[in-house]
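I opened a new notebook page for this structure. The entries below follow the order in which I looked things up.

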Amino acid sequence: MSAARRKHSTPGGSRPSTQDVMSRLAAFGASAAESGQYGAARLMDALPTPLANRIAGDSLNKDGQILDPHLALVLGFEARMRGGDEIGSVADQRTAMNASARIAAGRPVPVGRVRDLTVDGAAGPLRARHYAPANGGHDRPLLVFFHGGGWVVGDLDSHDQPCRMLTKYADVHVLSVDYRLAPEHPFPAAADDAVASFAWAVAHAGELGADPRRVAVGGDSAGGNLAAVVAQATRDAGVQQPVVQLLIYPGTDASKDRPSKDLFAQGYFLTRDGMDWYLDTYAHDADKHDPRLSPLLA
């Protein structure tokens, strides 16, 4: 019997409150549910492609564009588990984002070294995570990475696996930056942090074991937006620019909608309503033509 259990079962000892017990049960239930979803995701990913094609059926073809059958199965499973497209609170959205990332990620991809540190943001220190390639040599470039999440959700943990994959398969150092999020820090806080943290990376690349002459910038979704903003800001300021932009489905124009937003409005993880909510939360009162929000218009 553990010491904690002995304490709770000893006459006169401290007993957990009903609220405490319910909280523990809820946490256990959430953990068990996430474990089950993780196993289901691994199972669907392991299905032979012909079988996955047959199960997914008509969901693969959308306006002549063919979705990967394994991803189609995961999206269908995710929709059933969510039970609807209602947008919860910011806290709920952040919790759901990280849970989805853990379920989808699988086993962590091994790299040379991973360590947490702080970098300079526009208004103070920011959390960051450095991934070093297995060779550890000083001749490898550095990629400064900004995570996606609509400028509202996501963090170092939600994008740990993508950063590991980039480190291993591109054979580069990766510096993942945890920029400030809305609504606590609305536009242009994230953009300002991205520019400031890239400047920090250029100045400290050698200390990270990377080639200071080859510093790149990248990100997915909202992070891709921030990466493009960094490239333009450094160009305009006449300082060292990124040698490469790695923009993964970036948001580059907030000024208007395009046909794909209606075509894929539901059923593809990020919904039309979700995109509108993220943009409104981050940049409700901003000029949507501002290049720091819509770098395509610069």
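I count two strands as paired if DSSP finds at least two bridges between them. Helices (H or I, at least four residues) and strands (E, at least two) are DSSP runs, numbered from the N terminus.

The model is predicted, so I noted its terms: local features need pLDDT of at least 70, side-chain atom pairs count only at pLDDT 80 or more, and totals for chains, interfaces and linings use all residues. Residues are numbered from 1 along each chain as its sequence is written, and side-chain values use heavy atoms, with hydrogens and water left out.

Entry: the sheet. I looked up the strand order and found six strands in an open sheet, β3-β4-β6-β5-β7-β8, with mixed pairing. At the edges I found β3 (113–120) and β8 (245–248), each of which pairs on one side only. The twist averages 20° from one strand to the next. I then checked β5 against β6 (residues 173–177): the two pair in the parallel sense over five bridges. Phe146 stands opposite Val177 in β6.

Entry: helices on the sheet. Contact here means heavy atoms within 4.5 Å. Axes are lines fitted to C-alpha atoms, for helices over the stretch in contact, and angles run from 0 to 180 degrees between N-to-C directions. I found α7 lying across β3, β4 (125–132), β5, β6 and β7 (215–220), at about 115° to β3. Helix α8 lies across β5, β7 and β8, at about 150° to β7.

Entry: the helix pair. How do the axes of α7 and α8 cross? The axes of α7 (residues 189–204) and α8 (residues 222–237) come within 9 Å and cross at roughly 60°. The two helices are therefore oblique to each other (under 35 degrees is roughly parallel, over 145 roughly antiparallel, 65 to 115 roughly perpendicular, the rest oblique). I listed the residues that meet: Ala190, Ala191, Ala194, Val195 and Phe198 in α7, and Leu226, Val229, Val230, Ala233 and Thr234 in α8. By class, this contact has nine nonpolar, one polar and no charged residues (Ala, Val, Leu, Ile, Met, Phe, Trp, Tyr, Cys and Pro count as nonpolar, Asp, Glu, Lys and Arg as charged, the others, Gly among them, as polar).

Entry: Gly149. I placed Gly149 in the loop between β5 (142–146) and α6 (160–170). Is Gly149 buried or exposed? Gly149 is buried, with a relative accessible area of 12% (buried is under 20%, exposed over 50%, partly exposed in between, with a 1.4 Å probe and protein chains only). Not counting residues up to four places away in sequence, Gly149 touches Met97, Ala222 and Tyr278.
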